[in-house]
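I opened the model to look up two things.

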Amino acid sequence: MHFDALVFAALIYVGLLFVVAWAADRAAARGRTSWSDRPIVYTLSLSVYCTAWTFYGAVGNASRTGLEFATIYLGPTVVLAGSWWGLRRLVRVAKMHRVTSVADLISARFGKSNTLAALITLISLIAATPYLALQLQSISLSFAAFGEGDVLPGPLDLWVAGGLAVFSILFGTRNLAADERHHGVVMAIAVEAVVKLLAFVALGIWVIWGLADGPGDVIARIAERANDPDAAGWVLRPDRWTALIAISAAAVVTLPRMFQVLVIEPADETPLNSAAWAFPAYLMAMSLFVLPIAVIGREMLPTDASPDLYVLHLPLSQGADGLALLVFLGGLSSATSMVIISAIALATMISNHWLVPLYLGWRRSRGDDAANVSLRQPLLISRRIAILAVIAAGAIYQAVGGGQALSAMGTVAFVGVAQLAQRKDAFEAL
């Protein structure tokens, strides 16, 4: 496929997402939220958990460690399956106390301590930066897979980051709402969820019945690979499995983007009735073909091919350009949805707990009455600045510290935000 055609297809797809988000925002402004409040939309919005790490990196991780990739899916499955107990209460409390972020929730247990909220914001930003870089790196690598070079030209990298910033600002800071809900963004993410699921399932079916001779043949190849002396990483290690499941379970609640879609975006806890089983089913569908793609890709592709890009290299190597384009759009959906929601969630935290307190302090130093200061414009401006800063931080990290395996970068981010799932006395010690 010609590179210009790929860029054109990507622009058309992003334009479609703009239209979906714009239409949903206009409908919400008129009080028509029947579509965006549907349980299926809420469930699909949770797929923002499935970023480029899972779309690309899961196959790369499976090629190195076998079934260990499944731990990242098991953690959120356990949390959602038990939503009747923990998550319901969390959503209810968040709505009752008008919580707007994970920093807001944790600080609320300590008398709305802004110092603690600012610290939580810092931890979240530090943890999210490599994760944001992971998404931008995956977009660069997927574009490069269709081109002749291994590195995407710098200007196109900037266009990608800039486009994501514009989308986040347009639909994340268009207006201020007390409940911090973003109907347009949620609808766009739901559309992206469908695209990346269809892309991954289509690729998996093609690999099993197109490149292999059916499920039996694939199972035999997986067993052969597991018994290969070179596959030392495929040995199951209960200690690693336990740790990774626990980390992913904590991260699904403490990741700023997941807290946003899981707790802030729903009107109440009712959509959890469906999400408790539907989202684990979505994760199962996304993970079903990971191992077959990893094994077939290892056998059919050159040894220097990156396992993280098997999902693209396999159809490209067989001349299946249409499937490769669909997979590319699925990967683009995985990366862009994460960057947009993370930027919005982190910008809310940075604005509420860093920039606005500094602004109010500055107004007090001038002798102004802080109680009578209008915060509408300062909030909007500070959130837009914060969105630009967050995406810029990810782009800089990707340019300076990129090149790592996608799964490794994702694990770093998960471990970082898992620190927020501390007991209350751990924060009291601060």
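I took a cavity as a set of points, on a 1 Å grid over the protein atoms alone, where a 1.4 Å probe fits but cannot get out; lining residues have an atom within 4 Å of a point. Points are joined across faces, edges and corners, and a volume is the space filled by probe spheres set on them.

The model is predicted: local features need pLDDT of at least 70 and side-chain atom pairs count only at pLDDT 80 or more, while totals for chains, interfaces and linings use all residues. Residues are numbered from 1 along each chain as its sequence is written, and side-chain values use heavy atoms, without hydrogens and water.

Cavities. I found three of 30 Å³ or more. I listed its lining as Trp53, Thr54, Gly57, Ala58, Asn61, Phe69, Ile72 and Tyr73. H3 gives the largest share of this lining, five residues.

Rings. I counted eleven aromatic pairs (Phe, Tyr or Trp rings, the six-membered one for Trp, with centres within 6.5 Å; planes under 30 degrees apart are stacked, over 60 edge-to-face, the rest tilted). Phenylalanine 55 and tyrosine 56 pair edge-to-face, at 5.3 Å centre to centre and 85° between the planes.

Phenylalanine 167 and phenylalanine 171 form a tilted pair, 4.9 Å centre to centre with 50° between the planes. Both are buried. I noted that ring pairs link Phe18, Phe167 and Phe171 into a cluster.

How values were computed:
1 Å grid on protein atoms, 1.4 Å probe; cavity = no way out; pocket = protein on both sides within 12 Å on 5 of 7 lines; lining within 4 Å. Helix = DSSP H or I, 4+ residues; strand = E, 2+ residues; numbered from the N terminus. Buried < 20%, exposed > 50% of the residue type's maximum accessible area, 1.4 Å probe, protein only.
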